[in-house]
Each structure stands twice: as C-alpha cells, then as structure tokens.
Amino acid sequence: MARLLPTLATAALVVVTAACNRAPTPGLARGKALFTTCAPCHGALGAGNQNLAAPAIAGLPGWYVQAQLEGFQVAHRGYMPFDTTGMRMKSISWTLDDSTDAASVAEYVASLAATNPEPVLRDGDVAAGQATYQVCSACHGPAARGNEQMHAPPLAGQSDWYLSTQLTKFRAGWRGTDPTDVWGMTM
C-alpha cells in the first residue's frame, strides 16, 4: 500500500493538472465570464459610457463584435498613437487568450438587450445628415440596420457621439487605412 500511494498521488496530480489546463468551453457562459473585463467601460448591460468613450455594444450582431475584437487584436484598429481609446481597446482585446474567446464574448454581447441611447449632439444638421446618409445606405441599409455581407454594422441605435467620433477617425486615417483591412478601407 505504501508503494501505491505515490502512484495514486501522481495520477491525481496529472488529472487535476489536465483539468486546470483545459481550455474553457466556448460559448455564452464563457462570453459572460469574459465580459467582466468589458463591463468597467461598456457597463454591465453593454449600454456604453460616453465619459470613457465606450460605445453601447448591447445587442450588436455577434459577427460584427467578433470582427472588431479580432481587428483590435491584429492592429487593424487601435494602432495609431493619437487614438488613445482605440489603443486601450486593443490592449483589452489581447486579454482574450483562447482562440474562441472573441466569438464567446461576441455571442454574449449579441444576447444583451439592445439599447437606444439618447442623442447628445445638438449642433448637427439633420436634413444634411439624411442627404449624406444616402451614400452610407448602400452598405448599412436604408434603415441603418446593417448588412453582414457588406461587413457593415447597424448604425441605428448607436450613440450619436460615437458615430461622429468614428467618422472623424476614418477621415483622420486612424481607422481603415491598413491595406489588409479590406472592409475598413472600404469605409
């Protein structure tokens, strides 16, 4: 029996170590657990926080959230020195260690009830914006609901300040300039 104890102890250690090193099961539960890293900026319900430049993400399509997380991971986004909020998000995206983590977070974010943030910008020209949006509607759709085939996210229900900020980043060359980011360059 004395000889058997070290063997049993070794076997138990191998089983425990294997269980600890096993990748977590991907999916909604994993995404919810990982979302605790997102919540300090985007909020527990994904409603966003303008003071932290964190947009509302609740209810966004999983394909879009996953593509953006992966874009941050490969430096299609958040790579320009003046884009401090993008750089912050890029760093957070690197905490997704497992190859399925971005998909799991995206699945969880898509499961959250979409928000409809109150407008905060007051100096815009609605009529001019509607006329200009005709160009945007080719990809984002006439009702701004997005189009997965065009890799165009929904714009309806997004914070006006966030949309304005992203347009500024595209115009400044802080987004969509990497030649390997075909859809970003399309924007």
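Predicted model: local features only at pLDDT ≥ 70, side-chain atom pairs only at ≥ 80, totals over all residues.
Residues are numbered from 1 along each chain as its sequence is written, and side-chain values use heavy atoms, leaving out hydrogens and water. Local features need pLDDT of at least 70 and side-chain atom pairs pLDDT 80 or more, while totals for chains, interfaces and linings use all residues.

The protein has nine helices and zero strands. Helices (H or I, at least four residues) and strands (E, at least two) are DSSP runs, numbered from the N terminus. Of the 187 residues, 31% are buried. Buried means under 20% relative accessible area, exposed over 50%, and partly exposed in between (1.4 Å probe, protein chains only). The protein exposes about 11,400 Å², and carbon and sulfur atoms supply 63% of this area. Accessible areas come from the Shrake-Rupley method with a 1.4 Å probe; for residues, only the protein chains shown count as cover.

Helix α5 spans residues 84-93, and its buried residues are G86, M89, K90 and S93. They cover an arc of only 105° around the axis, so they sit on the same side of α5. The arc is that of the directions from the helix axis to the C-beta atoms. The buried residues of α5 pack against α3 (39-42), α4 (62-73) and α8.

Two salt bridges are counted. A salt bridge is a side-chain nitrogen of Lys or Arg within 4 Å of a carboxyl oxygen of Asp or Glu. One joins R30 and D101, at 3.1 Å from N to O. R30 lies in α2 (residues 28-34) and D101 in α6 (residues 101-111), so the pair ties together parts 71 residues apart in sequence. R30 is partly exposed, at 21% relative accessible area. D101 is buried, at 1%.

K169 forms a salt bridge with D83, with the closest N and O atoms 2.6 Å apart. K169 lies in helix α8 and D83 in the loop between α4 and α5, so this pair links parts 86 residues apart in sequence. Both K169 and D83 are buried.

D181 lies in the loop between α8 (160-172) and α9 (182-186). D181 is buried yet has no salt bridge. The nearest side chain of opposite charge, R175, is 6.6 Å away. Here Lys and Arg count as positive and Asp and Glu as negative; His and the chain ends are not counted. Not counting residues up to four places away in sequence, D181 touches H76 and G176, contact being heavy atoms within 4.5 Å.
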